[in-house]
Amino acid sequence: MWVTPEYNATIPGVLGNAIDWLSRVDKVMIGKPSWIMGASMGNLGTVKAQMHLRDILFAAGLQSPVLIGNDVYIGAVHTKMDEEGNITDEATVAYLDTVVTNFEKWMERF
């Protein structure tokens, strides 16, 4: 699972660097399933960063299949959490429960 913030409509540099290392020499991500999620204070909830990350995960040195149709874009996340960082928005919690279950079922095929 990849969780990313959005910096200037893309992933953070440190995440890109870590993925680059995974694509080198042993190419440990090839064939490993991925799922992408993110949260932001803006309304779009990391949509652009996730689109970019999805493209990166399909690169030759990675070839990581991505769970489609279970996108998690949590916008205005600061209104959906308490002071300790717990998600308090019931609709968000219910959606996360659904997509986590979907990912677990999808993983069983690998």
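Start with the largest nonpolar core: select W2, I11, L15, I19, M29, I36, A49, L53, L57, L62 and V66, eleven residues in total. A nonpolar core here is a set of buried Ala, Val, Leu, Ile, Met, Phe, Trp, Tyr and Cys residues joined through side-chain atoms within 4.5 Å. Buried means under 20% relative accessible area, exposed over 50%, and partly exposed in between, with a 1.4 Å probe and protein chains only. Helix 1 and helix 2 are the elements that give two or more residues to this core, and helix 2 has the largest share, three residues. Helices (H or I, at least four residues) and strands (E, at least two) are DSSP runs, numbered from the N terminus. Nonpolar side chains tend to be buried together in soluble globular proteins.

Before moving on, a word about what you have open. It is a predicted model, where local features need pLDDT of at least 70 and side-chain atom pairs count only at pLDDT 80 or more, while totals for chains, interfaces and linings use all residues. Residues are numbered from 1 along each chain as its sequence is written, and side-chain values use heavy atoms, with hydrogens and water left out.

Now click on W2. Which residues does W2 touch, not counting those up to four places away in sequence? They are L15, I19, L22, M29, S34, W35, I36, M37, L53 and L57; contact means heavy atoms within 4.5 Å. Apart from the core you began with lies another one, of ten residues, including M37, L67, V72 and V77.

Next, select helix 2, residues 47-57, and pick out its buried residues: A49, Q50, L53, R54 and L57. They sit on the same side of helix 2, because they cover an arc of only 140° around the axis. That arc is taken from the directions from the helix axis to the C-beta atoms. What do the buried residues of helix 2 pack against? Show strand 1 (2-3), helix 1 (13-22), strand 2 (36-39) and strand 3 (72-74), and you have the partners.

With the strands on screen, look at the sheet: it is open, has three strands in the order 1-2-3, and its pairing is parallel. Strand 1 and strand 3 are at the edges with a single partner strand each, so one side of each has no neighbour in the sheet. Two strands pair if DSSP finds at least two bridges between them, and two bridges join strand 1 to strand 2. To find one, select V3: its bridge partner in strand 2 is M37.

Hop over to S23, in the loop between helix 1 and strand 2. S23 is buried, at a relative accessible area of 16%. Its side chain has a polar atom 2.7 Å from the backbone oxygen of D20. S23 also touches G61 and L62, leaving aside residues up to four places away in sequence.

Time for some rings. Select W35, F103 and W106, which form one aromatic cluster. Rings of Phe, Tyr and Trp (its six-membered ring) pair if their centres lie within 6.5 Å; planes under 30 degrees apart count as stacked, over 60 as edge-to-face and the rest as tilted. W35 and F103 are stacked, at 5.1 Å centre to centre with 25° between the planes. This pair links distant parts of the chain, 68 residues apart, with F103 in helix 3. F103 and W106 have ring centres 5.9 Å apart and planes at 45°, so that pair is tilted.

Last stop: R109, in the segment after helix 3 (90-108). R109 counts as exposed, at 65% relative accessibility.

Definitions and conventions. Polar contact = N/O pair within 3.5 Å; in protein donor to acceptor, adjacent residues only side chain to side chain.
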